[in-house]
Amino acid sequence: MEEVYLVVRTLFGQKKKPEQAQKEFERVAKWRHCSITQEPLRQPIVACQLGMLYNKESVLEFLIEVEKPANSNCDHIKSLKDIKDLNLTDNPTFQKDEIMKGGGVYNDALIAEYICPITGLEMNGRYKFGFRWKCGCVFAERALKEIKSDTCHNCGKPFDEDWIILNGSDEDVDLMRTKMEERKARLKAEKKAKKAQKRKLTDSLEQPQTSTGKT
(Lines give C-alpha, C1' and ligand atoms only; values in the text may rest on other atoms or scores of the structure.)
Protein backbone atom coordinates (compact mmCIF):
# COMPACT_ATOMS: atom_id res chain seq x y z
CA MET A 1 0.00 0.00 0.00
CA GLU A 2 2.86 2.38 0.73
CA GLU A 3 4.21 1.79 -2.77
CA VAL A 4 0.82 2.65 -4.25
CA TYR A 5 0.72 5.79 -2.13
CA LEU A 6 4.12 6.83 -3.46
CA VAL A 7 3.02 6.19 -7.04
CA VAL A 8 -0.05 8.39 -6.75
CA ARG A 9 1.85 11.08 -4.84
CA THR A 10 4.37 11.17 -7.68
CA LEU A 11 1.56 11.26 -10.24
CA PHE A 12 -0.42 14.11 -8.76
CA GLY A 13 2.12 15.93 -6.61
CA GLN A 14 -0.03 15.69 -3.50
CA LYS A 15 -0.87 13.28 -0.72
CA LYS A 16 -3.82 10.96 -1.09
CA LYS A 17 -5.48 8.55 1.30
CA PRO A 18 -4.54 4.87 0.83
CA GLU A 19 -7.97 3.98 -0.58
CA GLN A 20 -7.78 6.88 -3.02
CA ALA A 21 -4.26 5.88 -3.95
CA GLN A 22 -5.37 2.29 -4.61
CA LYS A 23 -8.21 3.46 -6.85
CA GLU A 24 -5.97 5.78 -8.86
CA PHE A 25 -3.30 3.12 -9.18
CA GLU A 26 -5.77 0.54 -10.47
CA ARG A 27 -7.16 3.02 -12.98
CA VAL A 28 -3.73 3.77 -14.43
CA ALA A 29 -2.67 0.11 -14.37
CA LYS A 30 -5.63 -1.05 -16.46
CA TRP A 31 -4.37 0.99 -19.41
CA ARG A 32 -0.85 -0.39 -19.19
CA HIS A 33 -1.28 -4.07 -18.40
CA CYS A 34 -2.69 -7.15 -20.07
CA SER A 35 -6.01 -8.24 -18.55
CA ILE A 36 -4.96 -11.90 -18.58
CA THR A 37 -1.37 -11.90 -17.32
CA GLN A 38 -1.10 -8.39 -15.81
CA GLU A 39 2.15 -8.01 -17.75
CA PRO A 40 2.91 -4.64 -19.38
CA LEU A 41 1.09 -4.19 -22.68
CA ARG A 42 3.22 -4.58 -25.79
CA GLN A 43 2.46 -4.71 -29.48
CA PRO A 44 0.46 -6.31 -30.94
CA ILE A 45 -2.26 -5.18 -28.54
CA VAL A 46 -5.81 -6.47 -28.90
CA ALA A 47 -9.15 -5.88 -27.22
CA CYS A 48 -12.18 -8.06 -26.70
CA GLN A 49 -15.82 -7.20 -27.27
CA LEU A 50 -16.12 -6.14 -23.63
CA GLY A 51 -13.38 -3.54 -24.07
CA MET A 52 -10.56 -5.19 -22.11
CA LEU A 53 -6.96 -4.86 -23.28
CA TYR A 54 -4.61 -7.81 -23.87
CA ASN A 55 -1.28 -8.73 -25.31
CA LYS A 56 -2.17 -10.79 -28.37
CA GLU A 57 0.49 -13.32 -27.43
CA SER A 58 -1.24 -13.88 -24.07
CA VAL A 59 -4.60 -14.49 -25.76
CA LEU A 60 -3.06 -17.03 -28.13
CA GLU A 61 -1.49 -18.87 -25.21
CA PHE A 62 -4.81 -18.84 -23.37
CA LEU A 63 -6.68 -20.28 -26.35
CA ILE A 64 -4.33 -23.22 -26.82
CA GLU A 65 -4.30 -24.19 -23.14
CA VAL A 66 -6.11 -27.48 -22.55
CA GLU A 67 -7.03 -26.68 -18.96
CA LYS A 68 -7.93 -23.01 -18.90
CA PRO A 69 -7.62 -21.14 -15.60
CA ALA A 70 -10.72 -19.64 -14.04
CA ASN A 71 -10.41 -16.09 -15.32
CA SER A 72 -13.50 -13.93 -15.71
CA ASN A 73 -11.49 -11.50 -17.84
CA CYS A 74 -11.26 -13.89 -20.79
CA ASP A 75 -13.83 -16.68 -20.40
CA HIS A 76 -15.86 -15.08 -23.19
CA ILE A 77 -12.96 -15.37 -25.65
CA LYS A 78 -13.43 -18.61 -27.56
CA SER A 79 -11.41 -17.86 -30.72
CA LEU A 80 -9.48 -15.10 -32.49
CA LYS A 81 -12.81 -13.89 -33.88
CA ASP A 82 -13.60 -12.63 -30.38
CA ILE A 83 -10.71 -10.14 -30.32
CA LYS A 84 -9.63 -7.25 -32.54
CA ASP A 85 -6.15 -5.97 -33.30
CA LEU A 86 -6.05 -2.33 -32.23
CA ASN A 87 -4.75 0.48 -34.41
CA LEU A 88 -3.17 2.73 -31.80
CA THR A 89 -1.63 6.16 -32.29
CA ASP A 90 1.77 6.67 -30.64
CA ASN A 91 2.23 9.57 -28.26
CA PRO A 92 5.26 11.59 -29.45
CA THR A 93 5.96 12.82 -25.90
CA PHE A 94 6.11 9.33 -24.44
CA GLN A 95 9.59 8.06 -23.56
CA LYS A 96 9.35 4.47 -22.46
CA ASP A 97 12.83 4.23 -20.97
CA GLU A 98 12.14 7.12 -18.62
CA ILE A 99 8.81 5.95 -17.22
CA MET A 100 10.32 4.10 -14.26
CA LYS A 101 12.59 5.50 -11.57
CA GLY A 102 14.56 3.60 -8.98
CA GLY A 103 12.48 1.86 -6.33
CA GLY A 104 9.67 1.06 -8.79
CA VAL A 105 7.99 4.47 -8.60
CA TYR A 106 6.48 5.91 -11.74
CA ASN A 107 8.08 9.09 -13.01
CA ASP A 108 4.86 10.26 -14.65
CA ALA A 109 2.33 7.54 -15.42
CA LEU A 110 -0.15 10.07 -16.77
CA ILE A 111 2.02 10.40 -19.87
CA ALA A 112 0.41 7.65 -21.90
CA GLU A 113 2.06 5.66 -24.64
CA TYR A 114 -0.91 6.24 -26.95
CA ILE A 115 -3.18 9.16 -27.80
CA CYS A 116 -6.33 9.91 -29.74
CA PRO A 117 -5.31 10.78 -33.34
CA ILE A 118 -8.01 13.46 -33.56
CA THR A 119 -8.10 15.23 -30.18
CA GLY A 120 -4.59 14.42 -28.96
CA LEU A 121 -6.00 13.26 -25.59
CA GLU A 122 -3.84 10.69 -23.84
CA MET A 123 -5.10 7.15 -23.29
CA ASN A 124 -4.43 6.97 -19.56
CA GLY A 125 -7.88 6.49 -18.07
CA ARG A 126 -8.73 10.13 -17.51
CA TYR A 127 -10.82 10.25 -20.69
CA LYS A 128 -13.19 7.68 -22.15
CA PHE A 129 -11.70 5.82 -25.12
CA GLY A 130 -13.07 3.20 -27.46
CA PHE A 131 -12.69 1.63 -30.89
CA ARG A 132 -14.73 0.58 -33.88
CA TRP A 133 -15.05 -3.18 -34.09
CA LYS A 134 -14.86 -3.12 -37.88
CA CYS A 135 -11.45 -1.45 -38.21
CA GLY A 136 -9.92 -1.51 -34.72
CA CYS A 137 -8.98 2.18 -34.76
CA VAL A 138 -8.89 3.73 -31.28
CA PHE A 139 -10.25 7.21 -30.48
CA ALA A 140 -11.31 9.29 -27.52
CA GLU A 141 -15.09 9.36 -27.24
CA ARG A 142 -14.87 13.14 -27.43
CA ALA A 143 -13.61 12.85 -31.03
CA LEU A 144 -16.85 11.19 -32.12
CA LYS A 145 -18.82 14.13 -30.72
CA GLU A 146 -16.56 16.79 -32.21
CA ILE A 147 -16.26 15.36 -35.73
CA LYS A 148 -19.25 13.87 -37.50
CA SER A 149 -18.19 11.55 -40.30
CA ASP A 150 -19.26 8.34 -42.00
CA THR A 151 -15.66 7.18 -42.42
CA CYS A 152 -12.79 6.55 -40.05
CA HIS A 153 -10.32 9.45 -39.96
CA ASN A 154 -7.52 7.02 -39.25
CA CYS A 155 -7.97 4.33 -41.91
CA GLY A 156 -10.73 5.65 -44.17
CA LYS A 157 -13.02 2.64 -43.74
CA PRO A 158 -16.76 3.22 -43.30
CA PHE A 159 -17.86 3.59 -39.69
CA ASP A 160 -20.18 1.00 -38.24
CA GLU A 161 -22.34 1.19 -35.13
CA ASP A 162 -20.18 -1.27 -33.17
CA TRP A 163 -18.42 1.17 -30.83
CA ILE A 164 -16.57 -0.68 -28.08
CA ILE A 165 -15.76 1.25 -24.90
CA LEU A 166 -12.28 0.44 -23.57
CA ASN A 167 -11.86 -0.24 -19.84
CA GLY A 168 -15.37 1.00 -19.16
CA SER A 169 -17.36 1.12 -15.95
CA ASP A 170 -19.43 -1.84 -14.75
CA GLU A 171 -22.41 -0.31 -16.55
CA ASP A 172 -20.36 0.06 -19.74
CA VAL A 173 -19.25 -3.58 -19.56
CA ASP A 174 -22.86 -4.71 -19.13
CA LEU A 175 -23.78 -2.69 -22.22
CA MET A 176 -20.84 -4.13 -24.18
CA ARG A 177 -21.88 -7.65 -23.14
CA THR A 178 -25.41 -7.05 -24.42
CA LYS A 179 -24.04 -5.71 -27.70
CA MET A 180 -21.68 -8.70 -27.94
CA GLU A 181 -24.57 -11.16 -27.64
CA GLU A 182 -26.58 -9.18 -30.21
CA ARG A 183 -23.60 -9.15 -32.57
CA LYS A 184 -23.14 -12.91 -32.26
CA ALA A 185 -26.83 -13.53 -32.86
CA ARG A 186 -26.79 -11.28 -35.93
CA LEU A 187 -23.73 -13.00 -37.40
CA LYS A 188 -25.25 -16.42 -36.73
CA ALA A 189 -28.46 -15.41 -38.50
CA GLU A 190 -26.52 -14.00 -41.46
CA LYS A 191 -24.46 -17.18 -41.72
CA LYS A 192 -27.62 -19.31 -41.62
CA ALA A 193 -29.25 -17.17 -44.32
CA LYS A 194 -26.21 -17.50 -46.59
CA LYS A 195 -26.20 -21.28 -46.19
CA ALA A 196 -29.91 -21.43 -47.04
CA GLN A 197 -29.39 -19.27 -50.11
CA LYS A 198 -26.45 -21.41 -51.25
CA ARG A 199 -28.47 -24.60 -50.72
CA LYS A 200 -31.36 -23.16 -52.71
CA LEU A 201 -29.04 -22.23 -55.59
CA THR A 202 -27.43 -25.68 -55.56
CA ASP A 203 -30.82 -27.41 -55.61
CA SER A 204 -31.99 -25.32 -58.57
CA LEU A 205 -28.87 -26.21 -60.55
CA GLU A 206 -29.27 -29.91 -59.82
CA GLN A 207 -32.89 -30.06 -60.99
CA PRO A 208 -33.27 -31.72 -64.44
CA GLN A 209 -34.11 -29.42 -67.28
CA THR A 210 -37.68 -29.88 -68.59
CA SER A 211 -37.73 -30.25 -72.35
CA THR A 212 -40.16 -27.95 -74.15
CA GLY A 213 -39.28 -29.03 -77.67
CA LYS A 214 -41.90 -30.66 -79.97
CA THR A 215 -41.45 -34.26 -81.16
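In this predicted model, Arg186 and Asp162 bring their side chains together in a salt bridge, with a nitrogen-to-oxygen distance of 3.4 Å. Arg186 belongs to helix H5 (residues 170-206), whereas Asp162 sits in the loop between helix H4 (141-146) and strand E8 (163-165), so this pair ties together parts that are 24 residues apart in sequence. The structure holds six salt bridges, and the points below describe the Arg186–Asp162 pair together with others from that set.

**Exposure of Arg186 and Asp162**
- Asp162 has a relative accessibility of 15% and therefore counts as buried, since buried means under 20%.
- Arg186, by contrast, counts as partly exposed, with a relative accessibility of 38%.

**Lys56 and Asp85**
- The side chains of Lys56 and Asp85 form a salt bridge at 3.2 Å, taken from N to O.
- Because Lys56 lies in helix H3 and Asp85 in strand E3 (residues 83-85), the pair ties together parts that are 29 residues apart in sequence.
- Lys56 is partly exposed at 22% relative accessibility, and Asp85 is likewise partly exposed, its relative accessible area being 34%.

- Glu57 and Arg42 meet through their side chains in a salt bridge of 3.3 Å, N to O.
- This pair links distant parts of the chain, 15 residues apart, with Glu57 in helix H3 (residues 56-64) and Arg42 in the loop between helix H2 (18-30) and strand E1 (45-48).
- Glu57 is partly exposed at 42% relative accessibility, and Arg42 is also partly exposed, with a relative accessible area of 33%.

Definitions and conventions: Residues are numbered from 1 along each chain as its sequence is written. This is a predicted model: local features need pLDDT of at least 70, side-chain atom pairs count only at pLDDT 80 or more; totals for chains, interfaces and linings use all residues. Side-chain values use heavy atoms; hydrogens and water are left out. A salt bridge is a side-chain nitrogen of Lys or Arg within 4 Å of a carboxyl oxygen of Asp or Glu. Helices (H or I, at least four residues) and strands (E, at least two) are DSSP runs, numbered from the N terminus. Buried means under 20% relative accessible area, exposed over 50%, partly exposed in between (1.4 Å probe, protein chains only).
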